[in-house]
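Open the model in your viewer and keep the selection panel at hand.

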There are 2 protein chains.
Amino acid sequence: MCELLGMNANVPTDIVFSVSGLFQRGGFTGPHKDGWGITFYEGKGYRTFKDHQSSCHSPVAQFVQGYPIKSEVIVAHIRQANRGNVSLVNTHPFTRELWGKYWTYAHNGQLKGYRNLKTGAYRPVGETDSEWAFCWILHQLSLRYPKCPSNWPAVFKYVASLADELRQRGVFNMLLSDGQFVMAYCSTQLHWVTRRAPFGKAKLLDQDIEINFQEHTQPGDIVSVIATQPLTGNETWHRIESGNYELFYLGERIT
Amino acid sequence: MCELLGMNANVPTDIVFSVSGLFQRGGFTGPHKDGWGITFYEGKGYRTFKDHQSSCHSPVAQFVQGYPIKSEVIVAHIRQANRGNVSLVNTHPFTRELWGKYWTYAHNGQLKGYRNLKTGAYRPVGETDSEWAFCWILHQLSLRYPKCPSNWPAVFKYVASLADELRQRGVFNMLLSDGQFVMAYCSTQLHWVTRRAPFGKAKLLDQDIEINFQEHTQPGDIVSVIATQPLTGNETWHRIESGNYELFYLGERIT
């Protein structure tokens with residue numbers, strides 16, 4: 001299995017604190033040693049740092065933890081391989097273009113019988129069930145909406161119906177973003193927290209690090225963080241029920 | 001204008017020496033201060049490091065120069081913006097999937113009248129003529145070869161005919177790779193050199209750095225490097241004639 005981390009904020013926000021917690025689980029406090037990746041959106045563009053080395057040993061992971069890239073939307077993943085060997089091509093997140101936007105996706109779980117899902121012009125490059133499911137979702141979206149849609153909550157509701165189908169084939173926890181919205185679909189486990197004023201202190205569960213968000217924020221900042229398991233011990237993380245999803249926009253849950 | 005750098009090798013090879021020379025031109029010995037990017041293929045996968053900050057000041061560029069990622073195929077670019085503002089979405093290289101392979105592209109030059117080129121399912125996300133031309137090339141390829149082709153030299157010959165059309169609209173120097181082949185199309189300026197045994201010393205033109213390749217290579221290694229302008233002063237760089245292209249595979253020029 002793997003772990004997911006997502007962030008959605010109303011101002012460019014530094015994710016280093018949460019990433020540090022996640023990366024500890026990449027071979028140190030957790031078994032997810034088979035690569036990691038993190039995608040930062042900056043406007044309509046994005047950049048992805050990834051490595052097939054475990055996040056607790058990867059030099060690129062060290063760099064990412066020391067260089068506070070500010071972003072409004074982040075999707076990250078640490079991998080414990082089940083289907084597909086340990087290599088860069090199988091490392092999440094995956095990003096593809098649809099309707100002139102970059103879509104980024106990460107999956108936790110395992111699917112059976114996915115190879116009969118039609119992916120159309122979105123061909124998988126690697127060998128994972130995860131990438132195949134992503135290509136299928138994009139293909140279904142392109143069929144349902146041949147032109148760029150405008151009602152985004154309806155689009156994500158449709159994605160949730162696709163995710164429901166995938167969940168019938170195994171475990172399908174997913175983060176999906178177009179650079180503005182972040183969708184979190186829960187099959188077995190996914191949690192979220194929203195931070196806003198008055199900001200307090202938070203302490204990582206996986207490392208002896210505490211942060212006082214008040215020192216790093218403005219009063220109007222709103223930041224939601226989504227993770228497979230809660231990353232901090234003294235905040236109220238909400239569990240998403242199996243088969244449900246949450247949609248985040250400008251830092252707020254809007255579902 | 002911008003500068004291009006490509007590498008094609010028969011063994012995973014560290015490009016730090018050449019990248020260091022190129023990055024100096026990103027705001028230090030050259031005016032290309034509007035971002036940079038480098039894509040490393042590792043098997044069928046890839047990772048791209050990019051920044052809209054100038055390469056001679058970017059912390060990510062510093063990291064890339066200090067961390068020798070070994071790769072058989074590299075495409076890099078430093079940008080001096082003409083069309084499209086300075087932002088991550090407009091920063092080369094661009095990567096898209098076609099036939100289940102990741103294609104990476106970087107362009108130097110400027111095109112007029114490109115907005116009437118049909119891009120089909122390959123929609124540009126940013127505002128550059130460069131990305132638009134890339135989407136058009138991929139769309140044309142997908143029309144010409146609806147299924148994955150097998151005669152790759154013929155595919156690149158067809159790409160060259162598309163590049164000939166683009167050159168009618170302005171300046172179109174291009175690097176294009178599928179992760180195995182590297183194609184270098186010259187509109188105005190592009191040079192290449194192949195390094196093989198017996199390896200000698202090379203000295204960067206843009207920085208007081210000399211390398212003895214013999215200390216870093218095995219006798220069977222073959223590495224070709226393509227750059228807008230020669231990066232070293234004591235090697236024989238070949239100029240590609242305007243309207244011509246070269247194709248590299250396993251480190252060798254095969255055109």
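Which side chain does the side chain of B:Thr104 join in a polar contact? Select both partners: B:Thr104 and B:Thr95 have side chains joined by a polar contact of 2.9 Å. A polar contact is a pair of N or O atoms within 3.5 Å; within protein, one must be able to donate a hydrogen and the other to accept it, and residues adjacent in sequence count only if both atoms are side-chain atoms.

Before going on, note that this is a predicted model, in which local features need pLDDT of at least 70, side-chain atom pairs count only at pLDDT 80 or more, and totals for chains, interfaces and linings use all residues. Residues are numbered from 1 along each chain as its sequence is written, chains are lettered from A and ligands numbered from 1 in the order in which they are written, and side-chain values use heavy atoms, with hydrogens and water left out.

**Around B:Thr104**

Stay on B:Thr104, which sits in strand S6 of chain B; helices (H or I, at least four residues) and strands (E, at least two) are DSSP runs, numbered from the N terminus. B:Thr104 has a relative accessible area of 0% and is buried. Buried means under 20% relative accessible area, exposed over 50%, and partly exposed in between (1.4 Å probe, protein chains only). Leaving aside neighbours within four places in sequence, B:Thr104 has contacts (heavy atoms within 4.5 Å) that include B:Tyr41, B:Val75, B:Pro93 and B:Leu176.

**B:Thr128**

Next, select B:Thr128 in the loop between S6 and helix H3 (129–144) of chain B. B:Thr128 is buried too, at a relative accessible area of 3%. Beyond neighbours within four places in sequence, B:Thr128 touches B:Arg79, B:Arg83, B:Gly84, B:Asn90, B:Phe94 and B:Tyr114.

**The interface**

Now show both chains. Contacts involve 31 residues of chain B and 31 residues of chain A. The buried area is about 2,600 Å², with 57% from carbon and sulfur atoms; this is the accessible area (1.4 Å probe) that two parts lose on being put together, summed over both. On the chain B side, select B:Leu88, B:Arg123 and B:Val125, which lose the most area to chain A, together 22% of what that side buries.

How many salt bridges are there between chain B and chain A? The count is six, each a side-chain nitrogen of Lys or Arg within 4 Å of a carboxyl oxygen of Asp or Glu. One to display is A:Asp51 with B:Arg47, whose closest N and O atoms are 3.4 Å apart. Strand S3 (45–51), helix H2 (59–66), strand S5 (94–98) and strand S6 (101–108) of chain B each supply at least two residues to the side that touches chain A. The largest share, seven residues, comes from S3(B).

**Aromatic rings**

Over all chains, 42 aromatic pairs are found. Rings of Phe, Tyr and Trp (its six-membered ring) pair if their centres lie within 6.5 Å; planes under 30 degrees apart count as stacked, over 60 as edge-to-face and the rest as tilted. Select A:Phe49 and A:Phe63, a tilted pair with centres 6.2 Å apart and planes at 50 degrees. A:Phe49 is in strand S3 and A:Phe63 in helix H2 of chain A, 14 residues apart; both are buried.

Move to A:Tyr105 and A:Phe134, a stacked pair at 4.5 Å centre to centre and 10 degrees between the planes.
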